[in-house]
Amino acid sequence: MIAGIDLGTTNSLIGVFESGFPTLLADSDGNRLTPSIVFYPEREKPLIGREALRYHAISPERTVASIKRQMGRRLGEPGTEGLSGRKGDPAVLHVADRVLTPEEVSSEILKRLKNIAETRLGCEISKAVITVPAYFNDAQRAATRKAGEIAGFIVERIISEPTAAALAYGLDRLQDRSKIAVYDLGGGTFDISILQLDNGVFQVLSTHGDTMLGGDDLDGEIASLIKRRAKVIPASSQEEIRLRETARTTKETLSSKELCTIRLPFLQEDKSLELTITRTEIEAVCAPIISRTRMYCLKALEDAGVLTSELDEVILVGGSTRMPLVRKYVAEIFGKVPDLTQHPDEAVALGAIIQAAILEGTLRNVALLDVTPLSLGIETFGGLMNVIIPRNTSIPTKAGEMFTNAVAGQSCMKINVLQGERELAADNWLLGNFEIPFSPSSKGAARIGVQFSIDADGILQVLARDTHSGEEEILEVTSAVEVSDEAVESMLAGSLEHALDDMDARIFTENRLKAEEMLPAVETALKQLSFELSEAEILQIRDYAAEVTAAMESKETARLKNALSSLDNATQSLATRLIERAMR
Amino acid sequence: MPDPFSLLGLVRRPLIPEEMIGNAYRQKAGTLHPDQPGGDAGAFRELAEAAATLKDPSRRLRALLENPAHSSARIPPEASDLFLKVAWILQYSDRLSLQYTTSYTSLSKALLRAPAQSLLLELNSTLLQLQTWRAALDQELELLDLGWPSHDQVGVLGLADSFAYAVRWAAQLRERELALQEIFS
């Protein structure tokens, strides 16, 4: 029996296909949702889910939440803020005295789910289908697969979340022929997929998304709002976490109510917090984040070649789509009222279970045709990206490229593999590199065919074939994201050495760059707005600009920072006026 | 590479409605996908490639010819003005987007509004011109389909090239349109 698992940023679920239906399995307390939180006690085994949740506010330094945002990430990439180590190294977490990879933390959640299923079913569950955001790249998918393996699963398939949700939606509409969009805004990620349903065949036409956009970001904005309104500055990470948890419950309350009263007794030693927040207030701070989903929706529609008028349904999934503001935005983008028939927290897991049933052969006449979300290519000589498999190609797929030796006797050639949509190689995500082996031959005589295949999990494999000898070899793509134990050790040592890296010099450079951009911009703006500004205004701004120039020359970091922020404040009104003028 | 028309069970013609290709693809893919009992990864990939070939008018025309010569890679003379405009818009909009994303201050971002706005107008008028050209090509394709199978090899290749440019430029412009709109959001 293959289990279906939704490994979410905030919550995770597991289930199996039983007597013709996907069924979610609950723990001994009757909960189907397991919070994706792990607490690491000093000596004992980690606690997972609700048990760990209790410790989150008490000992945040021993608790890991939202680990999904760090899966397959390198330091310096979004999601790794606050982690120490050298830029470009794989993300590792320092939890009290332990060093953990994101895969290890995720595997604890998966182990817990495995245990829930085995307790419920009374048999061993060793195979699983695990969901990932559609816009996860190769490394993020591979990391998820690895987490499953560490947890003791044979991972039968990595499946995209919106695609899974579409399966859940379409299971009782197998005779339909329709075009649908799945708008999936979860705890940490956003995906939009456009699908064509046709007599039990689910074809993904296009997919887009952002793996750093979700409920977590909304909570962050609402927490800042509460801090501003209550005039509190959290003094510890405990206080910060209490505020964030309050932000989340406030958001949830305001999904059905217009007003929410917040009470935080003894947040700080002598201070309790009590204030009332309205839905309008949180909508104002959340709108900029939610509006970012618009562009992704338009891009997905463009790639699918589908007009909003041709869509039969827009399906909402993911916990964050409970927010009325999200529903309003979706209705605006697609010009139709979204379909709310799917359970926001459960649809993805149900879809994973359905995919498991397809793979098992228990569910016949249902087929899922998914695509690769990102273009795959290699770096060319001039530093450009040469696309080999374009985005939205059906998977599994393969594409080949022929290579030859540039000089006689050349023994190998190093190739960088990239994922992304930008023209310059450096702007894309470097998936890793591999070496093509050449047998000794004269210049241009070696002939090596390299085959890039993306499997049904969306994970890359590279195969080289010598066309002379016919020999084949699987090339290892060395990804910077895989960590060995020794690498973790050396990283630990390294992070301490570099911890005190000339901070002051770096901050000065950052501010100098800002100043170098600001000064000419001020001049241009003054010129363009010269008729609208008074003599006094111009003189004052010039004074601030002169102070920035002086501060740069003085090489004093603090002085430059202050001068810049004064100039920035003084020119705010110029920016507004420029925008108004452009709109006229 | 096997013949894409026969793989999908479609008649060899210049004009095939996109929906028909999609339907034929899904019907066959539903049984050929490797997850299905008796499915096959290699056959599935060939089918997917065949559908992609037939959906693209340029590649479909080439697939119709017995011996398609290599593309001349020359810009069709009727589109040379359009080409210069498209190239300029692509370059300029990429520069604006880059400036926008690398700006530190709201003032320098605000300064980019006016040029982005006028570029967007230029882009939209070019897209319209491109649509007019595309409509003319579609008409030519229809004529070719009416007279099929009689055709002139050089003419078909020329039409295939024109389609390739018209499709690519439109996609590139629409992509830049979205990028420029991002500056306003």
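**Domains of chain A**

I looked up how chain A is divided: domain 1 (2-213 + 289-369), domain 2 (215-286), domain 3 (376-475) and domain 4 (503-583). The domain bounds come from an automatic or database domain assignment. This is a predicted model, where local features need pLDDT of at least 70, side-chain atom pairs count only at pLDDT 80 or more, and totals for chains, interfaces and linings use all residues. Residues are numbered from 1 along each chain as its sequence is written, while chains are lettered from A and ligands numbered from 1 in the order in which they are written.

I checked domains 1 and 2 of chain A next. Their C-alpha centres lie 27 Å apart. I found 19 residues of domain 1 in contact with 14 residues of domain 2 (contact: C-beta atoms, placed from the backbone, lie within 7 Å). On the domain 1 side, the elements that give two or more residues are H7 and helix H8 (324-334) of chain A. Helices (H or I, at least four residues) and strands (E, at least two) are DSSP runs, numbered from the N terminus. That side of domain 1 divides into eight nonpolar, nine polar and two charged residues. Ala, Val, Leu, Ile, Met, Phe, Trp, Tyr, Cys and Pro count as nonpolar, Asp, Glu, Lys and Arg as charged, and the others, Gly among them, as polar.

**Overall shape of chain A**

I noted 13 helices and 26 strands in chain A. Its radius of gyration is 27 Å, close to the 25 Å that the globule rule gives for 584 residues, so chain A is as compact as a globular protein of that length. The radius is taken over C-alpha atoms, and the rule is 2.2 Å times the number of residues to the power 0.38. The C-alpha trace of chain A spans about 75 × 70 × 60 Å along its principal axes.

**A sheet in chain A**

I followed an open sheet of four strands in chain A, with the order E20-E19-E22-E23 and antiparallel pairing (two strands pair if DSSP finds at least two bridges between them). Strands E20 (385-389) and E23 (429-437) stand at the edges with a single partner strand each, so one side of each is left without a neighbour in the sheet. Three bridges join E19 (residues 376-379) to E22 (residues 412-419) of chain A. I picked out A:Ile378, whose bridge partner in E22(A) is A:Val417.

I found a cis peptide bond between A:Ile395 and A:Pro396, with omega about 0°. A:Pro396 sits in the loop between E20 and strand E21 (397-403) of chain A. Another cis peptide bond joins B:Trp148 and B:Pro149, with omega about 10°. B:Pro149 is in the loop between H7 and H8 of chain B.

**Where chain B meets chain A**

I counted the contacts: 28 residues of chain B touch 37 residues of chain A. The chain B side divides into eleven nonpolar, eleven polar and six charged residues.

I then took one helix pair. Helix H7 (residues 279-304) of chain A and H8(B) pack at an angle of about 175°, with their axes 11 Å apart. Axes are lines fitted to C-alpha atoms, for helices over the stretch in contact, and angles run from 0 to 180 degrees between N-to-C directions. That makes H7(A) roughly antiparallel to H8(B) (under 35 degrees is roughly parallel, over 145 roughly antiparallel, 65 to 115 roughly perpendicular, the rest oblique). A:Met295, A:Leu298, A:Lys299 and A:Glu302 make the contact with B:Arg174, B:Leu178 and B:Glu182.

Terms used: Contact = placed C-beta atoms within 7 Å.
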